[in-house]
Amino acid sequence: MTVHGTPGERPRRRGQGELEAQVLAALRQAPGPVTAAWVQERLGGPLAYTTVMTILTRLQAKRAVTRERAGRSFQWRAASDEAGLAALRMRRVLDREADREAVLARFVTALSPDDERLLRDLLTLPEGGAEG
């Protein structure tokens, strides 16, 4: 995926995940469920509608966005706020590892004392208490 500038200027390649992040940011700013065309318009530039659809579909597969039928097309929304999406990414990394205990132990020992204290406090909350 390239971003086109002025004529004669070499197109800049997007960083890995940059377009996904831009799509998610647009969805988080949306007033509710929106169409792919709405996202395309908010992102601006010469971004093709099919590219936006591809990114939305990839994000749906990652459970970062949801879609609902609206006539013959779909409307999209971010599945969570930034903290929820970061937590989803952390869970996906953990799910790919064979030794979950070792990964979690290394994670906890690498935390700052303040973050470790915060994690301990969160773990003592009743189930569902950290939501919202």
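Author: In α3, the buried residues are Thr51, Val52, Ile55, Leu56 and Leu59. They share one side of α3, because their arc around the axis is only 135 degrees. That arc is taken from the directions from the helix axis to the C-beta atoms. Buried means under 20% relative accessible area, exposed over 50%, and partly exposed lies in between (1.4 Å probe, protein chains only).

This is a predicted model, where local features need pLDDT of at least 70, side-chain atom pairs count only at pLDDT 80 or more, and totals for chains, interfaces and linings use all residues. Numbering runs from 1 along each chain as its sequence is written, and side-chain values use heavy atoms, without hydrogens and water.

Now the other side of α3. Thr50 and Ala61 are exposed there. Helices are DSSP runs of H or I with at least four residues, strands are E runs of at least two, and both are numbered from the N terminus. Just after α3, Arg63 has a positive phi of about 65 degrees.

The buried residues of α3 pack against α1 (18-29), α2 (36-43), β3 (65-70) and β4 (73-78). Contact here means heavy atoms within 4.5 Å.

Look at α1 in turn. Its buried residues are Leu19, Glu20, Val23, Leu24, Ala26 and Leu27. They fall within an arc of 160 degrees, so they line one face of α1. Their cover includes α3, along with α2, β3, β4 and α4 (82-95).
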